[in-house]
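Reader: I would like a close look at one part of this model. Please keep it brisk.

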Number of protein chains: 2
Amino acid sequence: MVGRWRRGILTTGIDQRAIAIYAPIQSRLNRVEERLRNLDDEAIPDLHTLLDYVLSSGGKRVRPAITLLASDFYAHDDEKPIIMSAAIELLHLATLVHDDTVDNSDLRRGKATVSHQWGKHIAVLFGDYVFAASATFVCDTENVRVIRRFSKTIMELASGEIIEYFNCYNPQQAREMYQDRIYRKTASLFRTAAETGAILGNAPELQVQALTDYGYNMGMAFQMVDDLLDVQGDPSELGKPVGNDLLQGVLTLPSIMLLERYPDNNPIEALFRERSHDGLLQQALDMINNSSIISDCYTEIHGYCAKAAQALEILPDCDARRSLRNMTDYIWERTR
Amino acid sequence: MVGRWRRGILTTGIDQRAIAIYAPIQSRLNRVEERLRNLDDEAIPDLHTLLDYVLSSGGKRVRPAITLLASDFYAHDDEKPIIMSAAIELLHLATLVHDDTVDNSDLRRGKATVSHQWGKHIAVLFGDYVFAASATFVCDTENVRVIRRFSKTIMELASGEIIEYFNCYNPQQAREMYQDRIYRKTASLFRTAAETGAILGNAPELQVQALTDYGYNMGMAFQMVDDLLDVQGDPSELGKPVGNDLLQGVLTLPSIMLLERYPDNNPIEALFRERSHDGLLQQALDMINNSSIISDCYTEIHGYCAKAAQALEILPDCDARRSLRNMTDYIWERTR
């Protein structure tokens, strides 16, 4: 493999497999890109600069690709899935801008964040603007079911972040809380990307449900891969220190598993209590990496990827289905 | 008058006139309030506290009242205007939470802001959540025209704030720029409050247009009154220092008029250039208050109120129309 996915993006070279996955929709993905770049308001002189800045930050448009692929099974209006796909990416970008602002992150994908470059003031307002733009795009689909699903997702995204914040440095979190949190933070948008694509592509209801399941499972796997890379990754590839989640007081699956296995005298409890990581962080990371936790996480992730692949089986066999199927392997391979 | 409107709220006692204005819709306004207070997500333990905090901060629900009144002219679904009215208030509250966050404001209506009380992190995320909740409420109207208008307004609100920010300390702003800015910041939401109420109340198209005009003109007058009070008000009633806009580098109608009259050697130019207000702010305020600028502003505001009142004339005579008409006088009287 020439390039590798790291945290959802292709970081090196051109990956033949990614090209193959995107092939059925590449020309439409270019039209999505055009729409994103033409979002403008001449009364706001720097809007174009800000938009261009976040659009050129290296995202691989995984979510909008899922929308387009999910819309591709039946004869359909060509334009609405494109608008929807652009809305999905705008919503994703808006959450990144706000997340970086509240997390005081200076870098994203190796580039200064909007908040670091222009200040928090602009980052909050620009994020609001991009949120609003995404909602306006969704309205252009004129499909109330799609609009409702989209606005539900905005609530789930915001509530996921709030729940994460209120549970910071809380070592008492069951797996169910983690699953609920990553559904809201990540899987909700993947699910909506697939579901709205299916609806706008006129898929029959059972297939809409199947694509909804696909998106949900892909999103769960995607976030779990991210969380796993955080405890085992190479900091130069992650763009942030290993163990960053634990440092920020955020429990993820590997650290929850560690707490389950060593309920007494666990380094994570001490780390969260003392908020000083002299040795404690490294100790926790070592315990995770030198146990079966990593492979147990693999098993969980693999389970979600398998469910995503299985959901596709009732769909007609075609290029779009093959691409969606290949994406499930791709997410999985990020951990290898 | 027992109570007085200051910056859009009744600050003292119970105003008989306000009671009369709200009379035709008081029971429905209570249902709006119930809906606002029942917005909950049990996974977020502190959400209820936060919501209750912002809902109890003394707003007089002017915008949702306009929605209900505008919906009141024809036989209509009773529920949808109530949902819409709640959405309008939620959007307003979300913008207040974000505005206070980016402006570093500690107080609003004499109470600590969410950002001051819980920190900027929570304020940004809670604002996002309330934005999203407002969009979800609008979806429940199942009216695409209404949903589209609402999302357009979110964009206008966000862009208004961005434009204000990018023009901070810029003394070269024509009246047209000011009008565009206050339309986005304030009048857009008033307009949408009235327009969506009219649409959901099944008003004929010409009357929808009339109520849209009404809302637009009311919003413009409302913001101009705010801006006028800022240069002439009593700081104890304003809850912030007189001349706060100029201190923040924001030009409003009175200061634009002062710049028009004294293009050379104007204290505002020096104030914006040096960003120190030793005497310069007071000099500018004195020049504004000792000239015909105040009465010229009155004339402008009165013009908008008169247009709002005039727009109502094609509507059937009824309690709702009388209440909307009385509101135009009420806004106007805030300056007296």
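How many residues does the contact take from chain A and from chain B?

Author: This is a predicted model. The contact takes 37 residues from chain A and 37 residues from chain B. On chain A, three helices each supply at least two residues of the side that touches chain B: H5 (79–102), H7 (120–139) and H8 (144–166). H8(A) gives the most to that side, with 14 residues. By class, the side of chain A that touches chain B divides into 23 nonpolar, six polar and eight charged residues.

Now to chain B itself. Helix H7 of chain B covers residues 120–139 and has 20 residues. From its first C-alpha to its last, H7(B) reaches 29 Å. That is close to the 28 Å expected at 1.5 Å a residue. Of the 20 residues of H7(B), 18 are buried, so this helix is largely enclosed by the rest of the structure.

Next, a helix pair in chain B. Helix H13 (residues 253–261) and helix H16 (residues 293–311) of chain B pack with their axes 10 Å apart. The angle of H13(B) and H16(B) is about 125°. An angle of 65 to 115 degrees would count as roughly perpendicular, and one over 145 as roughly antiparallel. H13(B) and H16(B) are therefore oblique to each other. Their crossing is right-handed. H13(B) brings Leu253(B), Pro254(B), Met257(B) and Leu258(B) to the meeting. H16(B) brings Ile293(B), Asp296(B), Cys297(B) and Glu300(B). The contact of H13(B) with H16(B) has six nonpolar residues, two charged and no polar.

Two loop residues of chain B deserve a check of the backbone. Most residues other than glycine have a negative phi. Arg61(B) has a positive phi, near 60°, and is not a glycine. Arg61(B) sits in the loop between helix H3 (47–55) and helix H4 (62–70) of chain B. The cut-off for a buried residue is 20 or more other C-beta atoms within 10 Å. Arg61(B) has 22 within 10 Å, so it is buried.

Tyr169(B) also has a positive phi, of about 60°, although it is not a glycine. Tyr169(B) lies in the loop between helix H8 (144–166) and helix H9 (175–200) of chain B. Tyr169(B) has 13 C-beta neighbours inside 10 Å, so it counts as partly exposed.

Definitions and conventions
Residues numbered from 1 in each chain as written. Chains lettered and ligands numbered in written order. Predicted model: local features only at pLDDT ≥ 70, side-chain atom pairs only at ≥ 80, totals over all residues. Helix = DSSP H or I, 4+ residues; strand = E, 2+ residues; numbered from the N terminus. Buried ≥ 20, exposed ≤ 12 C-beta atoms within 10 Å, placed from the backbone. Contact = placed C-beta atoms within 7 Å. Nonpolar A, V, L, I, M, F, W, Y, C, P; charged D, E, K, R; others polar. Axes fitted to C-alpha atoms, helices over the stretch in contact; angles between N-to-C directions. Parallel < 35°, antiparallel > 145°, perpendicular 65-115°, else oblique. Left-handed = near helix turned anticlockwise from the far one by under 90°. Expected span 1.5 Å × (residues − 1).
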